[in-house]
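Here is a brief report on one protein chain.

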Amino acid sequence: MARTSRPQIAVCALLIVVLLTTAACAAGPNTAAATAATTHPAGFWLGLWHGVICPIAFLVSLFNDHVNIYEVHNNGNWYNFGFVLGILIAASGGSGISRRRS
């Protein structure tokens, strides 16, 4: 049986903390937001954040009807651009970790 080194345990613990922290930031319900008149609709930066947490928010939304992955009350194209950019960041996040040095 292979022995786990301290750096591997530290990386696993850090990964778990990051995943739990990101899951805690999942978007909430949008029931009243679609009809509410607010002066601050979601913009680019909130769209970027929602795109980054989209995979986790999607998993949570499968089991909780009060969680949505997309903010309905947004400012349009800039929110959409941030959302798609965030999804791309989330999808390409771990590609450099598995490279080996020669």
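Asn74 lies in the loop that links helix 3 to helix 4 (77–91). The model is predicted. Two reaches of the Asn74 side chain are listed below.

| Partner of the Asn74 side chain | Distance |
|---|---|
| Side chain of Tyr70 (polar contact) | 3.5 Å |

Leaving aside residues up to four places away, Asn74 is in contact with Pro41, Ala42 and Tyr79.

## Helix 3

Which residues of helix 3 are buried? Helix 3 spans residues 54–63, and Cys54, Ile56 and Ala57 are buried there. These residues sit on the same side of helix 3, because they cover an arc of only 160° around the axis. The other side of helix 3 carries Leu59, Leu62 and Phe63, which are exposed.

## The chain as a whole

The chain holds 4 helices and 0 strands. Read from the N terminus, the order of elements is α-α-α-α. The chain has 102 residues, and 21% of them count as buried.

The accessible surface of the chain is about 7,900 Å². Carbon and sulfur atoms account for 66% of that surface.

Terms used
Residues numbered from 1 in each chain as written. Predicted model: local features only at pLDDT ≥ 70, side-chain atom pairs only at ≥ 80, totals over all residues. Heavy atoms only, no water. Buried < 20%, exposed > 50% of the residue type's maximum accessible area, 1.4 Å probe, protein only. Areas by Shrake-Rupley, 256 points an atom, 1.4 Å probe, with all protein chains shown as cover. Arc of directions from axis to C-beta. Polar contact = N/O pair within 3.5 Å; in protein donor to acceptor, adjacent residues only side chain to side chain. Contact = heavy atoms within 4.5 Å.
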